[in-house]
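Thanks for making time. Please have a look at the structure first.

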Amino acid sequence: MSDTRTHNTEDYLRMYKQMVRIRAFEDNSNQLYLSAKMPGLTHMYSGQEAVAVGICEALTDKDRITSTHRGHGHCVAKGADFKAMFCELLGKEEGYCRGKGGSMHIADQSHGNLGANAIVGGSMGIATGAALSAKHLGKDFVTVCFFGDGATAQGLWYEVMNMAALWKLPVIYACENNGYSEYTKTEEIAAGSLTARAEAFGIEAYEVDGQDVLAVNELTTQLVERCRKGEGPFFMELKTYRYHGHHVGDINRDYYRSKDEEAEWKNVRDPITNFGKWLEDQNILSADELAAINNEIAADAKNAVDYALNAPYPDPSEVDMHVFADVDHALEYLGGARG
């Protein structure tokens with residue numbers, strides 16, 4: 001970590017807390033799955049916290065993001081509430097999507113989160129469309145499109161980059177390169193440089209250490225400001241690492257990556273530990289203060305889980321709710337009968 005950054009103590013404290021909140025959320029999500037209390041699978045974001053927090057701390061509520069199947073970190077970093085998120089994972093009516101979206105389809109419009117997407121690269125068009133709307137409506141909000149290195153193989157990305165470059169749209173394509181496309185090393189599925197792919201469309205592209213929250217935040221702040229001035233689009237490749245498998249059921253990973261590799265990232269390059277050490281070195285927070293923050297957030301997460309476990313499920317009559325815009329119950333509108 002560099003000691004030349006100009007953020008104030010409040011900024012540093014908020015970024016540290018947000019990264020810890022993401023880690024706590026994921027730890028609890030994993031336990032819900034392992035204890036068979038959560039339906040379906042989920043994809044852990046642990047290890048990549050500096051990316052989501054570094055980027056989202058450079059945004060305002062009016063700025064938009066689109067997320068991915070590995071999207072809990074983006075949701076939390078953009079301001080999502082623990083209780084509503086855990087309720088969504090558990091299929092409860094107080095969830096962000098009334099329990100219908102689950103892990104991979106959380107949206108939080110109040111904080112500019114246009115939603116996670118289970119389709120690899122599926123939100124690229126949505127993010128670019130949001131940026132196009134900002135330009136046509138004369139608004140100054142910026143859209144960040146999160147996606148993984150595996151999504152760079154999707155043809156949609158090249159279509160939208162071409163449009164964004166031609167029309168100078170206020171969008172930032174943020175590629176979280178965690179080294180693996182599901183179970184295959186990125187270098188085995190992606191030919192050449194990822195940044196070069198964006199540069200081929202005349203888009204400025206940057207590489208940044210995705211484990212350094214301040215480096216991520218510093219670059220994003222600059223690019224967001226330039227987007228607001230009409231200088232977009234931009235592309236960022238953020239080098240990071242996922243601590244868990246592709247999903248929570250991917251437990252034995254020896255056949256595609258070594259335990260030594262995992263241990264090195266966790267012990268040497270952990271974004272939360274390293275930022276905490278930097279805060280101590282700068283005399284911003286003490287070890288005891290950092291521990292107190294960690295414990296407070298762990299307690300908040302546990303309370304949210306307990307709340308969600310006891311929260312009610314949606315009424316069965318809601319199965320057809322929100323099928324059509326402005327129609328609460330589509331079957332009533334169509335004259336159908338429930339049974």
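This is a predicted model: local features need pLDDT of at least 70, side-chain atom pairs count only at pLDDT 80 or more; totals for chains, interfaces and linings use all residues.

Take Cys56. Cys56 sits in no disulfide. Its nearest cysteine sulfur belongs to Cys75, and that sulfur is 9.2 Å away. A disulfide needs the two sulfur atoms within 2.5 Å. Is Cys56 buried or exposed? Cys56 is buried, because its relative accessible area is 6% and the cut-off for buried is under 20%.

Next, Cys145. The closest cysteine sulfur is in Cys175, at 9.9 Å, so the pair is too far apart for a bond. Cys145 counts as buried too, with a relative accessibility of 0%.

That takes us to strand β2, residues 143–148. How many of the six residues of β2 are buried? Five of them are, so the rest of the structure largely encloses this strand.

Who are the neighbours of β2? On one pairing, there is strand β1, residues 64–66. β1 and β2 run parallel, with three bridges between them. Arg64 has its bridge partner in β2, and that partner is Thr143.

β2 also pairs with strand β3, residues 171–177. These two are parallel as well, and six bridges join them. Phe146 stands opposite Ala174 of β3.

Now step back to the whole chain. The protein chain has 13 helices and nine strands. Its radius of gyration is 20 Å, close to the 20 Å that the globule rule gives for 339 residues, so the chain is as compact as a globular protein of that length. The C-alpha trace spans about 65 × 50 × 45 Å along its principal axes.

How much of the chain is buried? Of the 339 residues, 51% count as buried.

First spot, a cis peptide bond. Which two residues does it join? The bond joins Gly232 and Pro233, and omega is about 0°. Pro233 is placed in the loop between α9 (213–228) and β7 (234–239).

Ala36 is not a glycine, yet its phi is positive, near 60°. Where is Ala36? Look in the loop between α1 (9–34) and α2 (49–56). Ala36 is exposed, because its relative accessible area is 68% and exposed means over 50%.

You will find Asn283 in the loop between α11 (271–281) and α12 (287–310). With 71% relative accessibility, Asn283 counts as exposed.

To recap, then. β2 is largely enclosed, and it pairs in parallel with β1 and with β3. The cis bond is at Gly232 and Pro233.

Conventions: Residues are numbered from 1 along each chain as its sequence is written. Side-chain values use heavy atoms; hydrogens and water are left out. Helices (H or I, at least four residues) and strands (E, at least two) are DSSP runs, numbered from the N terminus. Buried means under 20% relative accessible area, exposed over 50%, partly exposed in between (1.4 Å probe, protein chains only). Two strands pair if DSSP finds at least two bridges between them. The radius of gyration is taken over C-alpha atoms; the globule rule is 2.2 Å times the number of residues to the power 0.38.
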